[in-house]
Amino acid sequence: DGTISLTGASVGTKQGFSILKYTGSGSNGTIAHGLSQAPDFFFGRDLEDTGGSRDWIIYHKSIGNTGRLKFTNGTTSTSSTFFQDTSPTNSLITVGTSNDINSTNDYVLYCWHNVPGLQKFGFYEGNDSTDGPYVELGFRPAMIMVKNIDQSSQDWKIYDAARDPNNIVTQVLYPNLTSQEDANTGLDFYANGFKWRDSGDSQNGPATIIYAAWAEAPTIGMYGGGANGR
């Protein structure tokens, strides 16, 4: 247990995914995440924020423990009040006194870590070209979410193989906007990663871009067996 007790949890140690509910303390503290290794990506929100004054708080290992993102088009914000400049451990998430993660209200956190063949969280450097970077994942993605963390006014973007099953994948959703889906020049989903065909700044500008990716089907069986072919 951390110093801030959970009021509810759903934990999949094989899947590397947990959902946590807790009541904040308003003081620096720690929260048990229940996973077998440190989360690489998590986000959460105040569940009692009826006035809309609080933001989603997003941690990504490629940003580090001094900053956070929001589901907005902004860049990284830095403050020790988010995570006390402390990375998650194999058992605990450290939180500061930011109202977005630890007032005395109820909160929810969604936490993931890298699982080979299932999900991966990392970054790449964009090249502002229609012959964009190739990102190795170790699986064919079902969905990827990306965010340019260097340039201001760049949207979060989601691409997936359900709405757009054939290359080039062009249909995009925006987690930070109320817009309908849009069409970009897009990217290719490969058997073991993805490659950009689009020079847009949000996904392939001359900047560092973080990603979260989940597999269409696990390439490694989570319970000891080999995964079935697609």
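In the predicted model, P133 is placed in the loop that joins β10 (119-125) to β11 (134-136). With a relative accessibility of 15%, P133 falls below the 20% limit and therefore counts as buried. Beyond its neighbours within four places in sequence, P133 is in contact with Y124, E125, G126, N127, F194, K195, W196 and N204. Among these partners, Y124 and E125 belong to the stretch assigned to β10, whereas F194, K195 and W196 fall in β16 (193-196). By contrast, the C-alpha atoms of P133 and F83, which are 50 residues apart along the chain, are separated by 31 Å.

The chain as a whole contains three helices and 17 strands. Its radius of gyration is 18 Å, close to the 17 Å that the globule rule gives for 230 residues, so the chain is as compact as a globular protein of that length. The C-alpha trace spans about 50 × 45 × 30 Å along its principal axes. Of the 230 residues, 49% count as buried. Among contacts with a separation of 6 or more, 61% are accounted for by residues 24 or more positions apart.

Four of the strands form an open sheet, in the order β10-β17-β12-β13, with antiparallel pairing. β10 and β13 are the edge strands, each of them pairing on one side only. On average, and with direction ignored, neighbouring strands of this sheet are turned by 20 degrees against each other. The antiparallel pairing of β12 with β13 extends over four bridges, and M143 stands opposite D160 of β13.

The largest nonpolar core comprises 19 residues, and I144 and F194 have the most contacts inside it. Two or more residues are contributed to this core by each of β12 (141-148), β14, β15, β16 (193-196) and β17 (208-215). The largest share, four residues, comes from β17. Apart from neighbours within four places in sequence, I144 is in contact with K157, I158, Y159, L187, F189, F194, W196, A212 and A213. A second, separate core has 16 residues, including I4, Y22, I93 and C111.

Side chains of opposite charge can pair when their charged atoms come close. In this model, nine salt bridges are counted. One of them joins D160 to R163, with the closest N and O atoms 2.6 Å apart. R163 also meets E181 in a salt bridge, at an N to O distance of 2.5 Å. This second pair links distant parts of the chain, 18 residues apart: E181 occupies the loop between β14 (169-172) and β15 (182-190), and R163 the loop between β13 (157-160) and β14. D160, R163 and E181 are accordingly linked in a network of salt bridges.

D160 has a relative accessibility of 10% and so counts as buried, the limit being 20%. R163 is partly exposed, because its relative accessible area of 30% lies between the limits of 20% and 50%. E181, at 42%, also counts as partly exposed. A further salt bridge is formed by the side chains of D188 and R197, with an N to O distance of 2.8 Å. In this pair, D188 counts as buried at 7% relative accessibility, whereas R197 is partly exposed with a relative accessible area of 24%.

Conventions:
Residues are numbered from 1 along each chain as its sequence is written. This is a predicted model: local features need pLDDT of at least 70, side-chain atom pairs count only at pLDDT 80 or more; totals for chains, interfaces and linings use all residues. Side-chain values use heavy atoms; hydrogens and water are left out. Buried means under 20% relative accessible area, exposed over 50%, partly exposed in between (1.4 Å probe, protein chains only). Contact means heavy atoms within 4.5 Å. A salt bridge is a side-chain nitrogen of Lys or Arg within 4 Å of a carboxyl oxygen of Asp or Glu. A nonpolar core is a set of buried Ala, Val, Leu, Ile, Met, Phe, Trp, Tyr and Cys residues joined through side-chain atoms within 4.5 Å. Two strands pair if DSSP finds at least two bridges between them. Axes are lines fitted to C-alpha atoms, for helices over the stretch in contact, and angles run from 0 to 180 degrees between N-to-C directions. The radius of gyration is taken over C-alpha atoms; the globule rule is 2.2 Å times the number of residues to the power 0.38.
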